[in-house]
Amino acid sequence: MVPLMKKALITGVRGQDGAYLSQLLISKGYEVYGADRSGDSGRWRLSELGIEGRVKDVCLDMLELSNIMDVLEKIQPDEIYNFAAQSFVTMSFEQPILTAEINAVGVTRLLEAIRKARPAARFYQASTAEIFGSTGPVTQSESTAFHPKSPYSVSKLYAHWITVNYREAYNLHASCGIMFNHESPLRGEEFITRKITSAVAKIRKGLQEKVLVGNLEASRDWGYAKEYVEAIWLMLQQPKADDYILATGESHTVREFVEAAFIAAGFKLEWSGTGLTEKGVDGITGKTLVEVSGDFYRPTEVDALMGNAAKAKEKLGWQPKTKFKDLVALMVEADIKRLEQQKMKNRRSSDKQ
Ligand code: NDP
Ligand code: GDP
């Protein structure tokens, strides 16, 4: 007898993690229902991975309980992965209430719907290392105290605890992955990594002169998103739900990221000046490639994050493989390749006219 396909519902499917998890679950033979709010933003990610037609489209908004209930009743998923979020820290200072509605209350809506319509489903919540803030020890583990430093991280801390609470109160199979930053060519360009790799690619191709950045000294534990979704899937395959740190255990500054990205594109960057007057200059031509702007500083900053993923390694058998410099290089290469493909496409269409 052919075993029944497992059904997975992924919210925020058109974001970075949703796209990679869809690809992984399709390769494992799942029937994947991809939920996102209305609109087309992010669809390019599924199409870049070549899976657009293989993910079943579901319209779901984290603001609307009746919509979420209907979706669960109709699909009856075995596994639910919640990636939907207003996920950008800077925006959360500008839209703190909407951020809380989507990221915090939205998760309560989803959990309530699961409790009522599909309590047997296994649930994953995308928690973030931002909930630690930067007052704790050098390395953060599952037992480190939380001190969120932005409306985004406060909303995610609520979501984290409400997930734990529904697990304890209603015995739901609900797990949180406390994920440190994870990046890829599919990362949104508002985040520093993709902002830099996209700009470096354009500078390499002569389409942009320089890039403006904020705090160069902030330090993050940057991993490769494609590997993180494997751990996320493994979490829901465990007999018992639990929470896990997902991290590489290495931390690098924004400055190091900028340097590595320019090196990957064949530049040698030299720094001069300090603070807001600091500049990154092309060591050969002397042209300014990087400038610092106060506009990209945040009212409160998380200075440094570095995670200890020993529990995920021990219990899930998961560990990240891609190293920092390789991650930066693969992102720069992907952005350069996109520009080259776009150029070819433009040339072909102008040849036709
Ligand atoms: P993205 O920002 O790429 O994706 C988030 C998705 O959620 C988007 O498709 C977005 O749609 C959707 N969304 C926003 N608002 C709503 C809403 N009201 N209803 C339904 N969907 C909505 O995030 P990532 O893929 O990078 O991250 C996945 C999750 O993991 C997020 O929850 C994020 O906060 C969390 N996380 C991510 C980390 C990282 O480094 N990437 C680190 C730690 C946690 P739209 O395009 O329309 O806005
Ligand atoms: P976050 O860790 O979820 O906030 O991910 P981001 O990629 O948005 O930011 C990572 C770090 O880079 C933070 O400490 C930011 O303050 C810092 N940073 C410095 N310059 C910039 C910038 O121009 N854009 C963004 N998004 N972050 C920047």
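Two strands are taken as paired here if DSSP finds at least two bridges between them, and the helices (H or I, at least four residues) and strands (E, at least two) are DSSP runs numbered from the N terminus.

Before going on, a word on conventions. This is a predicted model, in which local features need pLDDT of at least 70 and side-chain atom pairs count only at pLDDT 80 or more, while totals for chains, interfaces and linings use all residues. Residues are numbered from 1 along each chain as its sequence is written, chains are lettered from A and ligands numbered from 1 in the order in which they are written, and side-chain values use heavy atoms, with hydrogens and water left out.

Let me return to β6. Strand β5 (residues 122-128) and strand β6 (residues 173-179) run parallel and are joined by seven bridges. They belong to an open sheet of seven strands, with parallel pairing and the order β3-β2-β1-β4-β5-β6-β11. At its edges are β3 (56-59) and β11 (244-246), each of which pairs on one side only. Neighbouring strands in this sheet are turned against each other by 25° on average, direction ignored; axes here are lines fitted to C-alpha atoms, for helices over the stretch in contact, and angles run from 0 to 180 degrees between N-to-C directions.

Helix α1 (residues 16-27) lies across β1 (7-11), β2 (31-36), β4 (79-82) and β6, and runs at about 170° to β1, where contact means heavy atoms within 4.5 Å.

Rings of Phe, Tyr and Trp (its six-membered ring) pair if their centres lie within 6.5 Å, with planes under 30 degrees apart counted as stacked, over 60 as edge-to-face and the rest as tilted. The whole structure holds 13 aromatic pairs on that rule. In one of them, the ring centres of Phe83 and Tyr124 are 6.0 Å apart and the planes stand at 65°, so the pair is edge-to-face. This pair links distant parts of the chain, since Phe83 sits in the loop between β4 and α4 (89-94) and Tyr124 in strand β5, 41 residues apart.

Now to the other sheet I want to show. An open sheet of four strands has mixed pairing and the order β8-β15-β14-β13. Its edge strands, β8 (211-213) and β13 (269-272), each pair on one side only, and neighbouring strands are turned by 20° against each other on average, direction ignored. Over three bridges, β8 pairs in the parallel sense with strand β15 (residues 288-292), and Leu212 has Glu291 of β15 as its bridge partner. Helix α7 (residues 192-204) packs on this sheet, touching β8 and β15, with its direction at about 160° to that of β8. Helix α9 (residues 254-264), for its part, lies across β13 and β15 and runs at about 145° to β13.

Which residues line the second largest pocket? They are Ile203, Gln208, Glu209, Phe267, Asp282, Thr285, Lys287, Thr288 and Leu289. A pocket, on a 1 Å grid over the protein atoms alone, is an open set of points with protein on both sides within 12 Å along at least five of seven lines, whereas a cavity is a set where a 1.4 Å probe fits but cannot get out; lining residues have an atom within 4 Å of a point.
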